[in-house]
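Hi,

Here's the structure I said I'd pass along. Have a look, and my notes on the packing follow below.

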Amino acid sequence: MEKMSFEFEENEYETNSWKILIADDELEVHTITALVLNNVKFLGKPLEFISAYSGAEACEVMKKNPDIALVLLDVVMETNTSGIEVVRFIREELKNLSVRIVFRTGMPGHAPEREVIDLYDINDYKEKTELTAQKLYTTVIAGLRNYRDLLIAEQSKQKTEKIMLYFRRVIDSMLSGVIVINSNYKIELYTHKVLDSISADVEKDITGANIFESLPFFVSYKKEIDTILEKQCCLERMTISTGKNKIINLIFCPLNEIDNRVAIRVDDVTLLIEKERQLMHLQKLETIGMLAAGITHDFNNILGGISGTVSLLQLE
């Protein structure tokens, strides 16, 4: 099994600077933006500006720099919809949902704010005439903070997934099968040993599926599951799996730490029961053997007495 580590890099997303793409066909916009934000730092790191003067160039820059945090994007460049096409490219083709996109336009008539906000996945909309130095600063810092929060959330998600993978591997390595369901009878976790033990023919992942629909074997135990959910107590049952003549031991337990969940431990005890039966058979044979030996010993004693008496009579 692959060795797993719980040592996570706290600064997995750390870089030396925050990358900001300025996409605008006016050189003055690039110059003024860089000048206004020249000495600005966020969380102790400076801003790094990357310039693009057309929609096509902006797309190329985004392809090469997936770690760009913020895009200050003009709507009208080589075409009236250049900015909109860049947004589509970033979100749909690159699948980059983290980068924050701010529309800056000097021609709001070509892309009305409400329509753009409703239709496209952008994070802010500003007219160039309203972007004073202070408002530009506020817009950029707010965008970077939002980007930072998204990265932290993504990092937390990856940590959780890694921990869940680890525990799934631990559970898979157990001799017993385990299946966890919620109060709606939806399967939240299961191991393939469960499927093997009850001889279930399942070809696809059943996580999220109804346990009774996906694994009809458990329909007979709905009463036990409902009892666990209601009374939060453990139950144990022995059964015979349909069609395979297997002896299955089921233990139903509530997960008190997790609201209204039931864990079912599934053990195929067919071989264990068979070994116990064979052991009992051997013990019976041993008992019979000891009894036969005792009878033989007593019988030999009787024969010995008879033989001695006969010998004495012959001498007389």
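Which residues form one aromatic cluster? They are Phe217, Phe218, Tyr221 and Phe252. Keep in mind that this is a predicted model.

A bit more on those rings. The structure holds six aromatic pairs. In one of them, Phe217 and Phe218 have their ring centres 5.1 Å apart with the planes at 90 degrees, and since over 60 degrees counts as edge-to-face, that's what this pair is. Phe217 also pairs with Tyr221, this time tilted, at 5.8 Å centre to centre and 40 degrees between the planes. As for burial, the cut-off is under 20% relative accessible area, so Phe217 at 14% counts as buried. Phe218 is buried too, at 0%, and so is Tyr221, at 9%.

Now the nonpolar packing. The largest nonpolar core has 26 residues, and Leu21, Ile68, Val71, Leu73, Ile101, Phe103 and Ile122 have the most contacts inside it. At least two core residues come from each of strands S1 (18-23), S3 (45-52), S4 (70-74) and S5 (100-105), and likewise from helices H2 (55-64) and H3 (82-93). H3 gives the most, with five residues.

One last thing to look at: Lys45 has its charged end over the ring of Trp18, 3.7 Å from the ring centre.

Cheers

Definitions and conventions: Residues numbered from 1 in each chain as written. Predicted model: local features only at pLDDT ≥ 70, side-chain atom pairs only at ≥ 80, totals over all residues. Heavy atoms only, no water. Core = buried A, V, L, I, M, F, W, Y, C linked by side-chain atoms within 4.5 Å. Buried < 20%, exposed > 50% of the residue type's maximum accessible area, 1.4 Å probe, protein only. Helix = DSSP H or I, 4+ residues; strand = E, 2+ residues; numbered from the N terminus. Phe/Tyr/Trp six-rings, centres within 6.5 Å; stacked < 30°, edge-to-face > 60°. Lys NZ or Arg CZ within 6 Å of the ring centre and 35° of its normal.
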